Amino acid sequence: MKKCLAMLLALLMVAGMIPLASAEEVPFEKTVDWDAEYDVVVVGLGAAGCATAITAAQEGAKVLVLEKAPEGHVGGNSAICAQWAAMVDDKEQATVYMQSMREGFQTPTDEMIDVYLTEIMNNEQWLKDLGGPNVTRFERVEFPDMDGAGGIFCLTIDGNNGLGAGGIKPSGRMYKFLKNKAETTEGVTIWYESPAVHLVQDKETRMIHGVEATIEGQSVLVRARGGVVLCCGGYESNARMLEDYNDVHDSPSLGYAIYNTGDGIQMALEVGARLWHMANIVGPNTGYRFETDAMTFGASAGVGMLIGGDGTIYKAIGRSGHGKTYFYGTRKLSLYPQRSFAIFDADSVGIGTIHNSFSEGNKWEIEHGYFTVADTLEELAAKIDVPVEAMLASVESFNASAEHPIKTGPFYSCAISHCVGNTQGGPERGLGGEVIDVYGNPIPHLYEAGELGDIWSHCYQASCNIGGGLAFGRITARNAVAGIADTVETAMPEGKAPYVREVGEIVYEAGENQYIGKGEGKSTVPIVVRVTVDGEDIKDIEVLESWETPGFSARAFDQTISQIIEKDQPYVDIIGGATMTSVGIQAAVADALAQK
């Protein structure tokens, strides 16, 4: 009888009619065929990613950073922005200022502002503790007419206001420092050219357990015991997202952040995240674009005339601050024509540089096709495809009051791009950096920091993307490390060797009387050259590797190399507007010649 009863119970259990109470439940993380295992996985190595990785490692965690870009293009906007990190002394004043910048918007809430400013107050000491060279502060108020204006300072690590000679943007000094610290912090591993593509989620508990990355065409599953922190920036280089969320098109990244394609947004949506601030972008800005993908920093028409695609004159309306234009008492997204051009004549084209990276009198750029040139205004209008009669009428109107009228041929046009500085939207963020789901609840073990899903709903204060990235990088790192206690110690399949990202060192060949040299330019990866000599005569300089911004650096390579060969010495005149690239070339040549 007992035997029959036991058999009956066993059959009922197999049929699912009686639960297998005695069976040990297998944790979700042990059901995945992991390729590697870390305590915290950080997606993206911008300023926020660096702060997250450094802090988590200092807390004792084993950290992996998955970076989509090759090392030469790493950093996104962190590598090319003004290199300022926000700092606050007077929290009460800064709170009023941030509340004013909302201009009636519901977010960031007062609670979020409090968390944000509390952690930003630690930025200065944190940078000093990391060994930041000459950490200096200065005040730059984005909206001086707002209540509380002046409560947020800008930190630099180069002892000045973050701008070089002639107002040229710095060469990523803050970011280069942070990247170097992340690379050299014990416990941090960085995989370049390793984009995260999906999050690994337990659908029952909603907890995030890791990331799927694509490396050399293969899927690699990486477990994150404590959590995943998305620090992968915005979507400046995702044309479809810009069209869908911001009603702009043909608007490339102002700072050449070509790997910022909204990957964090897509991954978060897949696991049920709610989005916020998608309508808020810094832009549109005006910039100069040569050919299809070479962006440089903001442009100005100087003494020339600006016209839109319809051939009529336009100018900026009101005063602007990081993409917002004052408009009858409130601030709105800045407006520029989708197609616009600066028009000059033979006398005015050389008076000032249209762009801070251009040569004196724009001579080099004219010679190399950056300008459209025509003998008559009618011919110029046809070449740039604007209505002839409208443009002629604009010239007549402009000349009536212009100090430098447009009347002497040949005539010149330079296309001005409609481009995006950065985006602020993404997954909604909780007070601890948690990613919030569509029901308003945190998604367990998923965090974000930096530009992705930043707290700014409306007006934005300069220095707060990096400054806030450092703050939320530290916040999310601490929370992710605390989450390690929630999961089993290891979930790697028994006997499986962890995946290791192997990257071979590039070997450059050098023949007789040839020498290889490296020099630091604007990029985080050195410029590599091969120099051919004949005694003391420099015969040739070949650029073997360069990650300098296309277009922005072209003149520096052309003119610096020709000067070096002509003068048979590595140190020549610096090319204004491309200082760091010029310096990097000279340093690389000097390094090569030192090996003779």
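**Figure 1. P410 sits in the loop between helix 11 (388-399) and strand 20.** Everything in these views comes from a predicted model. Look at the link from G409 to P410: this peptide bond is cis, and its omega is near 0 degrees. That's worth a second glance, since most peptide bonds are trans.

**Figure 2. S417 has its place in strand 20, which covers residues 411-419.** Is S417 buried or exposed? S417 has a relative accessible area of 8%, and buried means under 20%, so this serine counts as buried. Now find Q338: along the sequence S417 and Q338 are 79 residues apart, yet in space their C-alpha atoms are 7.8 Å apart.

**Figure 3. Helix 3 takes in residues 91-102.** Its 12 residues span 17 Å from the first C-alpha to the last, close to the 16 Å you'd expect at 1.5 Å a residue. At the start of helix 3, check out D90: one of its side-chain oxygens comes to within 3.2 Å of the backbone nitrogen of E92.

**Figure 4. T107 and P108 are joined by a cis peptide bond.** Omega is about -5 degrees here. To find P108, go to the loop between helix 3 and helix 4.

**Figure 5. Two asparagines, N134 and N362, have a positive phi.** For most residues other than glycine, phi is negative. N134 has a phi near 50 degrees and lies in the loop between helix 5 (123-129) and strand 4 (136-139). For N362, phi is about 60 degrees, and the residue is found in the loop between strand 18 (340-344) and helix 9 (363-367). N362 has 0% relative accessibility, so it counts as buried.

**Figure 6. The second largest pocket holds about 570 Å³ of space.** How do you spot empty space like this? Rolling a probe the size of a water molecule over the atoms shows where it is left. Which residues lie nearest the centre of the second largest pocket? They're E71, V503, G504, I506 and E545, from a lining of 20 residues. By type, the lining divides into 9 nonpolar, 3 polar and 8 charged residues.

How values were computed. Residues numbered from 1 in each chain as written. Predicted model: local features only at pLDDT ≥ 70, side-chain atom pairs only at ≥ 80, totals over all residues. Heavy atoms only, no water. 1 Å grid on protein atoms, 1.4 Å probe; cavity = no way out; pocket = protein on both sides within 12 Å on 5 of 7 lines; lining within 4 Å. Points joined across faces, edges and corners; volume = space filled by probe spheres on them. Nonpolar A, V, L, I, M, F, W, Y, C, P; charged D, E, K, R; others polar. Helix = DSSP H or I, 4+ residues; strand = E, 2+ residues; numbered from the N terminus. Expected span 1.5 Å × (residues − 1). Polar contact = N/O pair within 3.5 Å; in protein donor to acceptor, adjacent residues only side chain to side chain. Buried < 20%, exposed > 50% of the residue type's maximum accessible area, 1.4 Å probe, protein only.
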